[in-house]
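Here are my notes on this one, written as numbered points. Have the fold open beside you and look up each stretch as we come to it.

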Amino acid sequence: MWYLCVFYHRLLDYRKPEVESLADLFSKDLTDLQCNGSLEWKLPKHHHPDSPFHFVNLPSEEIARSVANRSILVKGIFELWGEGSNFEELEESIKSCPDEKKLPYLTSDSTFKITVETFGKVISFEEQTERIRSLSYIPFKGRVNLKNPYHTFWLIETDDYDSNNGLPPIAGKRIFFGREIGTADRKLLPTYQLKSRTYLGPTAMDAEMAFLMANQAQAKSGKLVYDPFVGTGSILVAAAHYGAVTMGADIDIRVVRDGRGPDCNVWSNFKQYGLPMPIGLLRADNNLPPWRSGLKEVFDAIICDPPYGVRAGGRKSGGRKLLKGVIGPYTVPEDKRTGHIPSTAPYSLVECVHDLLDLAAKMLVMGGRLVYFYPVLREDESIDTTFPEHPCFKLVAISEQLLSYRYSRVLLTMAKIGPYTEEIALAARIKHLEFKENHLKWLEEGNLHSAVFSPADNHLNGSGDTKITKDSKARYRGKYV
């Protein structure tokens, strides 16, 4: 069934993948969604692909409501009764809408309200009232209830404008009218915002992005979610909000054990929001995983932000002397273990991602999801890189967020489609070596930080001047939203 899906104008690349992941989560009958997560989408007439208005085909109203109520980026999902380029066309469209679709919501024993929404312009309260009165041809028989109505109807209006206002250009005015199926609860974002968080670190994940990652991973009650780079626990907090059982690990024992004191640590972040505590926080090295031999398919989802060297570099166990063979393996004396901080060495991104994929292939259940960020250096407006692959996984979604003119991070969502075997591990190792050989040099050497923060190239404005002028910027750059 087709619905009008209205998005918030934010994180444009993340919008459809989130809806598709949630539709997959709430729709166990759609077996094809289990494989590729795809839904059928259509654009309204005259609308840009980055427009917040899309038509989406969902299997039922119940699933549409569940998706809208949980989504972070969906403003609302509506059953469309009519649309047009002006109010005369809108009236004709609504009148031609089948009565069996409208009459159940227009009865005398129901209550209703009409909300007027605009995109790309602002109208006064008097203009809103005038637009509501123009809908007098709809035979509402119930009473108006602005606080708690049985049914809410939306009149949504866009205007024709070019890209000068920073919004995706629309070639022609469009007016929609429909019944509200469900709307998002964005109030949880101020509740979980980082500035009020008890325990924070330099790489703490923004609340909005953490909830998006949890939705991509389909976190819910009864699922076990693991973060191998847990840090201060921001991602696990979002997963726990949706009822998932959580578990995390980090190589820095000071983070998972001590924090900044007994009342300022990872555990206190969960206590702050009244969430269930993680079943465990481990001091563990993803390069030397702590799991016993033969342990497989434990986690329903792995969600993480690997250390790729922009804000923080990756570390693994060993220390320089140990890795170079200057000293051999040693055992820490019993009397020094309490305050001992294990030595570590640099951990390149290519090695880190390979270990992460191997861990996920071995420890995720069939159909489980791996959701993680991956950095991309850009020289133009397209993603010019390949992404890590593994025979056990299928890439479900790629969502890009530009952080500067030359650097972006991409959220990769992968679903496990095959069992982990020794043959698969060998094939994955070969893919890893091919990827390492053919990929950019910074991936192996770990110098992404210097590449990102190096001075701007002279070719930016073609004059040798590195200053970016107002005219050199694109009028509409959707991926920066």
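1. Let's start in the middle. The largest nonpolar core has 79 residues, and the ones with the most contacts inside it are Met213, Ile302, Leu370 and Tyr372. (A nonpolar core is a set of buried Ala, Val, Leu, Ile, Met, Phe, Trp, Tyr and Cys residues joined through side-chain atoms within 4.5 Å; buried means under 20% relative accessible area, exposed over 50%, and partly exposed in between, with a 1.4 Å probe and protein chains only.) Helix α13, residues 349-363, gives the most to this core: ten residues. Another core lies apart from it, with 18 residues, among them Phe7, Ile63, Val74 and Ile181.

2. Some ground rules before we go on. This is a predicted model, where local features need pLDDT of at least 70 and side-chain atom pairs count only at pLDDT 80 or more, while totals for chains, interfaces and linings use all residues. Residues are numbered from 1 along each chain as its sequence is written, and side-chain values use heavy atoms, with hydrogens and water left out.

3. Now the overall picture. The chain has 16 helices and 17 strands; these are DSSP runs numbered from the N terminus, helices being H or I with at least four residues and strands E with at least two. Of the 481 residues, 49% count as buried. Take the contacts (heavy atoms within 4.5 Å) between residues at least 6 apart in sequence: 74% of them join residues at least 24 apart.

4. Which residues does Leu370 touch? Not counting residues up to four places away in sequence, Leu370 touches Ile302, Leu356, Leu357, Ala360, Leu364, Phe393, Leu412, Thr413 and Met414.

5. Five of the six residues in β12 are buried. Two strands pair if DSSP finds at least two bridges between them. Strand β12 pairs in the parallel sense with β9 (residues 224-227) over two bridges, and Ile302 is the bridge partner of Tyr226. Strand β15 (residues 364-377) also runs parallel to β12, joined by five bridges; here Cys304 stands opposite Tyr372. A handy thing to remember when you look at strands: side chains in a regular strand alternate between the two faces of the sheet.

6. Next, have a look at the open sheet of eight strands. Their order is β2-β3-β1-β4-β8-β7-β5-β6, and the pairing is mixed. At the edges are β2 (40-42) and β6 (143-144), each of which pairs on one side only. Inside the order, β7 (residues 151-158) and β8 (residues 174-183) pair in the antiparallel sense over six bridges, with Ile175 in β8 as the bridge partner of Glu157.

7. What covers the buried residues of helix α3? The cover includes β1 (2-7), α1 (15-26), β4 (74-84), β8 and α8 (207-216). The helix itself spans residues 61-70, and Ile63, Ala64, Val67, Ala68 and Arg70 are buried in it.

8. Trp81 is worth a zoom. It sits in strand β4 and counts as buried because its relative accessibility is 2%. Leaving aside neighbours within four places in sequence, Trp81 is in contact with residues including Ser93, Tyr105, Phe153 and Phe177. Trp81 and Ser93 are twelve residues apart along the chain, and their C-alpha atoms are separated by 7.4 Å.

9. Two backbone details for you to check. Leu11, in the loop between β1 and α1, has a positive phi of about 45 degrees although it is not a glycine. Is Leu11 buried or exposed? It counts as buried, because its relative accessibility is 5%. Glu297 also has a positive phi, near 50 degrees, and is a residue other than glycine. Glu297 lies in the loop between β11 (280-283) and β12 and counts as partly exposed, because its relative accessibility is 36%.
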